[in-house]
Amino acid sequence: MYPSYYFPGLSDQEREDNRYHNEHCIDMLRQSVMCHGDTTPVTMRWGRTQKIPLGNFSSPHECVNWASLNGWARERSVKEIMEPGYLKHPKFGVVIDENFENKIGQVHNGR
């Protein structure tokens, strides 16, 4: 979300490409929240200094065991995916070339 901080020196085109990449990532988060929303009720409580009630965020939530999920994902991950020539688009060719130039997230034909 902050390419000028994390990737200083990007060209205008790279910044624009990054904007589309960020939109994609934010949309993935949105879909995840919508598909796996937490249905734990958020109750209200009276504050000490305000007339309006406040959200009571102390309700217990049942969260996924992150270590277990991460271990499961690591066991199934593709270790060579960032190796030059491993990924090849049927139309645009190699995704990462022998110079380790990473084309992931770049857009073609204006999108």
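Mentor: Start with contacts: two residues are in contact when heavy atoms of theirs lie within 4.5 Å. With residues up to four places away in sequence left out, I52 touches W46 and G47.

Trainee: What kind of model is this, and how are the residues numbered?

Mentor: The model is predicted, so local features need pLDDT of at least 70 and side-chain atom pairs count only at pLDDT 80 or more, while totals for chains, interfaces and linings use all residues. Residues are numbered from 1 along each chain as its sequence is written, and side-chain values use heavy atoms, with hydrogens and water left out.

Trainee: How many helices and strands does the protein have?

Mentor: Helices (H or I, at least four residues) and strands (E, at least two) are DSSP runs, numbered from the N terminus. This protein has three helices and four strands. Their order from the N terminus on is α-α-β-β-α-β-β.

Trainee: Where does I52 lie in that order?

Mentor: I52 sits in the loop between strand 1 (43-46) and strand 2. T49 has its place in the loop between strand 1 and strand 2 as well.

Trainee: Is I52 buried or exposed?

Mentor: First the classes: buried means under 20% relative accessible area, exposed over 50%, and partly exposed in between (1.4 Å probe, protein chains only). I52 has a relative accessible area of 57% and is therefore exposed. T49 counts as exposed too, because its relative accessibility is 73%.

Trainee: How much accessible surface does the protein have?

Mentor: Accessible areas come from the Shrake-Rupley method with a 1.4 Å probe, and for residues only the protein chains shown count as cover. The protein comes to about 10,000 Å², of which 57% belongs to carbon and sulfur atoms.

Trainee: What share of the contacts joins residues at least 24 apart?

Mentor: Among contacts between residues at least 6 apart in sequence, the share is 12%.

Trainee: Which side chain does T49 meet in a polar contact?

Mentor: A polar contact is a pair of N or O atoms within 3.5 Å; within protein, one must be able to donate a hydrogen and the other to accept it, and residues adjacent in sequence count only if both atoms are side-chain atoms. The side chain of T49 makes such a contact with the side chain of Q50, at 3.2 Å.

Trainee: Where is S59, and which residues does S59 touch?

Mentor: S59 is in the loop between strand 2 (53-56) and helix 3 (66-75). Not counting residues up to four places away in sequence, S59 touches T40, P41 and T43. A polar atom of the S59 side chain lies 3.3 Å from the backbone oxygen of P41. S59 counts as buried because its relative accessibility is 16%.

Trainee: How many salt bridges are there?

Mentor: A salt bridge is a side-chain nitrogen of Lys or Arg within 4 Å of a carboxyl oxygen of Asp or Glu. By this rule there are three salt bridges. One joins D12 and R15, whose closest N and O atoms are 2.6 Å apart. These two residues are three apart in helix 2, so about one helical turn separates D12 from R15. D12 is exposed at 61% relative accessibility, and R15 is partly exposed at 38%.

Trainee: And the others?

Mentor: R30 and D27 meet at 2.7 Å, N to O. Both lie in helix 2, three residues apart, about one turn of the helix. R30 is partly exposed at 40% relative accessibility, as is D27 at 29%. R76 pairs with E75, the closest N and O atoms being 3.5 Å apart. R76 is partly exposed, with a relative accessible area of 48%, whereas E75 is exposed at 65%.

Trainee: Which residues form the nonpolar patch?

Mentor: Patches are made of residues with over 30% relative accessible area and no salt bridge: like charges are joined within 9 Å, nonpolar side chains (Val, Leu, Ile, Met, Phe, Trp, Tyr) within 5 Å. Here M1, Y2, Y5, Y6, F7, I26 and L29 form a nonpolar patch with about 910 Å² of accessible area together. Helix 1 (3-6) and helix 2 (12-35) each supply at least two residues of this patch. Y2 lies in the segment before helix 1 and is exposed, with a relative accessible area of 58%.

Trainee: How many disulfides are counted?

Mentor: A disulfide is a covalent bond between the sulfur atoms of two cysteines. The rule used is a pair of cysteine sulfur atoms within 2.5 Å, and the count comes to zero. C25 is partly exposed at 32% relative accessibility, and C63 is exposed at 66%.
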